[in-house]
Amino acid sequence: MLRKLGTALVAMAALTAAAVVTAPTANATARNGVCESGEFCLYYNSNQAGSRVDLVNSQRDYGSGAGCIEFVSSGAGQGQCVKNNTASVWNRTGKPVFVFYNSDFGGTYDQIPDGAQVNLNSNVYNNNASQIVGDASLRFPLAVNQADIKNRTPHWCWDSKVNCHHDYNAADIFAATGTSVLSPVNGTVMTRNVRAGSTACGSVGSTVTVKDGFGRLWYFAHMDDSPAPVVSVGQSVTKGQRIGYVGTKYHALCTDSHLHIDMRVGVDDRVGCSAAACASYDFVNNQPLLRNAFLDLP
């Protein structure tokens, strides 16, 4: 970081000239090192200094080694991978951009408003792996107030090593039986399975998957069969639209009623696994997005 900050101080004198170089053009050309209208630009140094690269699309993984996305313009950092090396950004896409700590849009993140020229926050400064161009935020997936969740014990678990039975990235959000399950995203219903009659502790209950426009497949389990999920395969859903109800029968490990939610990227169906068997399937840590959605509740 000292190396970068030192270079950034030297580069500050060149910011005015750089602004001329990065003037908008009618047709953006990605990865030519010029920050044009319609692009999201990543810089090696703080304060939009050093080498830059200009991108127009979401990126599941900036990459490493020979196949990585590199800083391309002249300046400090030219030719180095942007992954875990980006210090500042300029958002010229016309949309918000989310920069994530992990690949596949997971982990902690920084939300960059349209038009912003900023240093990345401390969560992802020099620790960046993927980005979403557009609104990656979630609607909390239950029709509740904050107090409805906080007043339950347990109320929310996501880490098998701390407070949950999972061996992979997933969340259990405890809520009263019959609570409406809401889609956290705009997307398309990919699967709907109604399972009735079993009270076994390992039963998954009724399930739904919804795939959003960024390729994220959201999976909802332990929902009721009567009433069953209220969506159908192929149906478009919007953020906050009801898809089902927290069930009465299907409680993993015989816990209290809750919604199970997990997410993977780039697939159309949820893999058939549970517990430790899921650990190798690249489920994504969506807890930071869920926590912020929770904070948006009354």
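# A guided tour of the predicted model

Begin with the largest nonpolar core, which has 37 residues; among these, F100, F140, L142, V181, V208 and F220 touch the most other members. A nonpolar core is here a set of buried Ala, Val, Leu, Ile, Met, Phe, Trp, Tyr and Cys residues joined through side-chain atoms within 4.5 Å. Buried means under 20% relative accessible area, exposed over 50%, and partly exposed in between, with a 1.4 Å probe and protein chains only. This is a predicted model, in which local features need pLDDT of at least 70 and side-chain atom pairs count only at pLDDT 80 or more, while totals for chains, interfaces and linings use all residues. Residues are numbered from 1 along each chain as its sequence is written, and side-chain values use heavy atoms, with hydrogens and water left out.

Select F140. Apart from neighbours within four places in sequence, F140 is in contact (heavy atoms within 4.5 Å) with I149, W156, I173, L182, L290, A293, F294 and L297. Then select I69, I112, A116 and V124, which are included in a second, separate core of 19 residues. In soluble globular proteins, nonpolar side chains tend to be buried together.

**The open sheet**

Display the strands next. Helices (H or I, at least four residues) and strands (E, at least two) are DSSP runs, numbered from the N terminus. Two strands pair if DSSP finds at least two bridges between them. In what order do the 7 strands of the open sheet stand? The order is 8-9-16-13-12-11-14, with antiparallel pairing. Strand 8 (156–157) and strand 14 (236–237) are at the edges and have a single partner strand each, so one side of each is left without a neighbour in the sheet.

Within this sheet, select strand 13 (residues 216–223) together with strand 16 (residues 258–265); 6 bridges pair them in the antiparallel sense. L217 stands opposite R264 of strand 16.

**Strand 1 and its partners**

Move to strand 1 (residues 40–45). Of its 6 residues, 6 are buried, so strand 1 is largely enclosed by the rest of the structure. Strand 1 runs antiparallel to strand 3, to which 4 bridges join it; here L42 has V89 as its bridge partner. Strand 1 also pairs with strand 2 in the antiparallel sense, over 5 bridges, and C41 has D54 as its bridge partner there. Strands 1 and 2 form a hairpin with 3 residues between them, and N47 in the turn has a positive phi of about 60°.

**The disulfides**

Keep C41 selected and look for sulfur pairs. How many disulfides does the structure hold? There are 3 disulfides, each a pair of cysteine sulfur atoms within 2.5 Å.

- C35 and C41 are joined with an S to S distance of 2.0 Å; the link is right-handed, with 105° about the S-S bond, and both cysteines are buried.
- C68 and C81 are joined at 2.1 Å, S to S. The torsion about their S-S bond is about -85°, so this disulfide is left-handed. C68 and C81 both lie in the loop between strand 2 (49–55) and strand 3 (88–91), so the pair ties together parts that are 13 residues apart in sequence. C68 and C81 are buried.
- C273 and C278 are joined at 2.1 Å, S to S, in a right-handed link with 110° about the S-S bond. C273 is buried at 14% relative accessible area, and C278 is buried at 0% relative accessibility.

**The aromatic cluster**

Finish with F98, F100, F105 and Y109, which form one aromatic cluster. The whole structure has 7 aromatic pairs. Rings of Phe, Tyr and Trp (its six-membered ring) pair if their centres lie within 6.5 Å; planes under 30 degrees apart count as stacked, over 60 as edge-to-face and the rest as tilted. The ring centres of F98 and Y109 are 5.5 Å apart and their planes are at 35°, so the pair is tilted. This pair links distant parts of the chain, with F98 in strand 4 and Y109 in strand 5 (residues 106–112), 11 residues apart. F98 and Y109 are buried. F100 and Y109 form a tilted pair too, at 5.7 Å centre to centre and 45° between the planes, and both F100 and Y109 are buried.
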